[in-house]
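The following note gathers a few points on strand pairing and helix packing for the entry under review. Please read it alongside the coordinates.

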Amino acid sequence: MHTDVTPITSYPKYWAECYGTAPFLPTTRAEMDALGWDSCDIIIVTGDAYVDHPSFGMAIIGRLLESQGFRVGIISQPEWNNKDAFMTLGKPNLFFGITAGNMDSMINRYTADRKLRHDDAYTPNNEGGKRPDRAVLVYSQRCREAYKEAPIVLGGIEASLRRLSHYDYWSDKVRRSVLFDAKGDILLFGNAERALVEVAHRLAKGEDITTLTDIAGTAVIMKELPEGYKEIDSSRIEKPGKAMAMPNPYATEENCETNKAEKKTEVEAKPVQIQPSRHDSKSTAIRLPSFEKLRNDRILYAHASRVMHLETNPYSSRALIQKHADRELWINKPPIPLTTEEMDFVFGLPYARVPHPSYGKAKIPAYDMIKTSVNIMRGCFGGCSFCSITEHEGRIIQNRSHESIINELEDIRDKVPGFTGTISDLGGPTANMYRLGCSDPRAEANCRRPSCIFPEICKKLDTDHKYTIDLYRKARNVDGIKKILIASGVRYDLAIESPEYIRELVTHHVGGYLKIAPEHTEKGTLDLMMKPGMGSYDRFKELFEKYSKEAGKKQYLIPYFISAHPGSTDEDMLNLALWLKKNDFQCDQVQNFYPSPMCNATAMYHSETNPLKRVKYKKREDLFVAKGDRQRRLHKALLRYHDPLNWAVIREALISMGKKYLIGDRPNCLVPEEGSDAELTPAQRRGSGRHGAKRFATKHPNQPDIRNDGKRKPGSRTNGNKNGNQSQQGNRNKTGSKAAGQSAGNRNDKSSGRPNRNGKPTSGQRQGQGQSQGGKPNRSRAKAR
């Protein structure tokens with residue numbers, strides 16, 4: 001399937017390769033002079049601090065372009081109120097590359113309740129306010145002011161997930177494609193290495209950027225559509241009874257196997273005739289509803305979202321067209337995934353693995369969290385509706401070889417200052433999807449299912465975890481490596497298909513707590529999330545406890561849940577709260593659903609209907625959606641039923657729901673009566689101590705308090721693991737990708753905004769639920785279930 005793709009390592013190098021490799025990509029004129037450069041060929045503008053590490057997007061794309069022979073400069077977190085900072089390195093010979101950073105700038109700056117954050121994990125000393133809102137727009141405008149003729153290439157998680165008309169949670173309206181608002185020349189989406197290298201070399205050969213319209217993984221603005229394309233009109237919702245039915249935009253291959261009933265009806269063998277598809281992906285484009293129509297029609301928006309999500313297979317998807325006023329937005333098919341050899345090349349580039357020296361001793365929290373973690377793969381075939389990883393990184397897993405991963409472990413051992421022998425993570429968007437994929441290449445090339453594991457695991461999916469098990473065993477044997485923890489989320493419905501993997505994980509790689517994500521307990525909501533039922537959780541819990549006991553360890557599962565997800569009613573959230581109490585869970589690390597651009601759940605939130613099924617104006621499936629501060633506060637309060645600060649709002653809700661019997665001191669009650677002995681203490685009223693806002697662990701009440709360094713807090717209980725269980729409560733999400741259009745989707749932010757341990761995306765986003773690219777903080781929960 002890669003026969004017609006040019007490997008990223010096969011391009012002739014640009015003439016400037018004679019300058020060699022820079023210790024750090026230059027950020028000032030003085031650094032350029034020290035390297036002997038008179039100019040930069042490409043300048044990357046990023047909203048993150050410059051950390052030369054493969055978990056940071058600017059480092060990956062910068063080092064990749066350097067490997068192609070280009071001179072690359074970095075403008076990191078520039079002052080954006082005027083153009084001066086964007087002129088410090090001069091005019092680029094080829095183009096400006098614009099990215100908001102590893103996280104979407106809006107998710108980075110605002111909570112799920114649209115409240116301003118005052119910290120930024122990607123900034124020295126965790127200082128907030130060092131990047132503007134909608135950073136891609138602002139940076140692009142300033143670059144255009146600085147050098148009007150310089151081409152502008154947009155990339156990163158923020159641009160990737162805004163490539164189409166999209167619902168914007170912060171303004172509560174549908175916005176245009178970011179390519180129009182930023183006035184960029186071309187947008188790179190997804191894992192952008194392949195597109196980025198092609199764009200750079202074609203510009204270097206003298207092509208005009210306006211001619212680069214045919215590159216997979218890019219979006220451009222046109223006045224007229226390319227010749228030779230057949231257009232399928234999906235700009236309207238089909239109505240019954242039409243004389244001539246339009247081609248069905250919802251057609252999808254639900255079953256990869258040949259219909260057995262058809263086999264039985266065959267009487268005689270006939271010659272097989274292979275006819276070209278009526279909808280050849282190389283010559284067919286799908287017209288989506290225009291921006292002007294989507295802006296005023298929420299049901300049509302759900303329809304457009306569904307059509308778009310069916311066109312994510314890089315081998316069989318069609319180009320998308322969307323009109324914005326009198327111009328056309330043309331979105332090419334997604335990029336072909338990198339091969340293992342290409343992934344090894346990208347992660348084997350000469351990264352310094354530390355922040356730029358100009359930051360001195362300043363701490364960059366995202367770097368501190370991921371400096372001893374390793375990305376082993378990219379992508380996710382889970383298809384969770386609240387997560388944008390699939391839309392950003394794709395369903396097909398891109399894997400590194402064992403040798404490449406072991407080499408990086410040795411690199412960490414030898415280069416990272418103060419390395420103690422502990423690797424904080426071997427992971428990606430999901431810890432246990434490494435080397436998993438479709439067992440039938442033909443089916444994989446044509447499949448349009450949004451998930452390989454929902455509503456059940458596809459029979460063609462290879463679920464053998466042997467490669468991951470072998471990797472763990474090899475990694476543990478590397479000299480100087482004392483402990484390897486797995487901090488990426490584990491997809492437990494896959495893990496139970498391989499009990500040997502669970503045994504390996506529990507015996508050697510759990511530091512006391514293991515993060516998993518049931519997300520909810522009620523089937524209706526789980527179906528909308530495209531998550532498995534609680535039966536899979538119960539089976540995993542059984543195996544986890546069995547193997548922990550065999551290993552002689554006291555270890556605990558840390559489950560995560562989403563509050564206020566579209567389709568989750570007050571009754572559903574109450575049932576979830578009762579389940580938590582029954583199982584003695586106290587969830588302090590919670591946050592409401594965060595509607596990030598492009599994911600299915602955001603379409604549910606905006607349209608209040610279900611885009612996972614055929615969308616209709618009449619007889620459609622309307623959904624309950626928790627909107628408004630009061631409703632969302634209630635759902636969040638139910639997840640934290642144990643906090644006295646929430647008891648008043650819960651009591652009021654229980655009374656209005658006719659469930660007053662759940663108020664009291666009986667074992668089956670959720671909250672105590674008003675005025676009972678369990679009311680607030682002075683410390684609780686101040687928000688300090690046990691119930692303070694800074695406490696974010698999700699724990700059983702009888703679990704020991706453990707500091708992040710594995711040592712017990714003074715005065716804590718002593719019934720934990722004698723070896724000191726390391727609480728891995730940084731961020732759950734880990735998206736591995738990191739390139740010009742990388743940042744993994746932002747996933748639903750549920751923690752206190754700390755970076756995930758392997759620093760991968762994201763725009764997380766688990767942007768909204770998934771964000772990619774390296775060092776992403778958990779606020780985008782880009783991560784992975």
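Which residue in E2 is the bridge partner of Thr46?

1. The model is predicted. In it, the bridge partner of Thr46 in E2 is Ser76. Strand E1, residues 42–46, pairs with E2 in the parallel sense, and five bridges join the two strands.

2. These strands belong to an open sheet of ten strands with mixed pairing. The strand order reads E2-E1-E3-E4-E7-E8-E12-E11-E10-E9. Strand E2 (72–76) and strand E9 (230–233) are the edge strands, each pairing on one side only. On average, and with direction ignored, neighbouring strands of this sheet are turned by 25° against each other.

3. Helix H2 packs on the sheet, where E1 and E2 are the strands touched. The direction of H2 makes about 175° with that of E1. As angles over 145 degrees count as roughly antiparallel, H2 and E1 may be described in that way.

4. Helix H2 (residues 57–67) also approaches helix H7 (residues 193–204): their axes come within 11 Å and cross at roughly 45°. The two helices are therefore oblique to each other, and their crossing is right-handed.

5. On the H2 side, the contact with H7 involves Ile60, Ile61, Leu64 and Leu65. The residues of H7 that meet them are Glu193, Leu196, Val197 and Ala200. By class, the residues of this contact divide into seven nonpolar, one charged and no polar. Glu193 is the charged one, since Glu counts as charged.

Key. Residues are numbered from 1 along each chain as its sequence is written. This is a predicted model: local features need pLDDT of at least 70, side-chain atom pairs count only at pLDDT 80 or more; totals for chains, interfaces and linings use all residues. Side-chain values use heavy atoms; hydrogens and water are left out. Axes are lines fitted to C-alpha atoms, for helices over the stretch in contact, and angles run from 0 to 180 degrees between N-to-C directions. Helices (H or I, at least four residues) and strands (E, at least two) are DSSP runs, numbered from the N terminus. Angles under 35 degrees count as roughly parallel, over 145 as roughly antiparallel, 65 to 115 as roughly perpendicular and the rest as oblique. A crossing is left-handed if the near helix is turned anticlockwise from the far one by less than a right angle, and right-handed if clockwise. Contact means heavy atoms within 4.5 Å. Two strands pair if DSSP finds at least two bridges between them.
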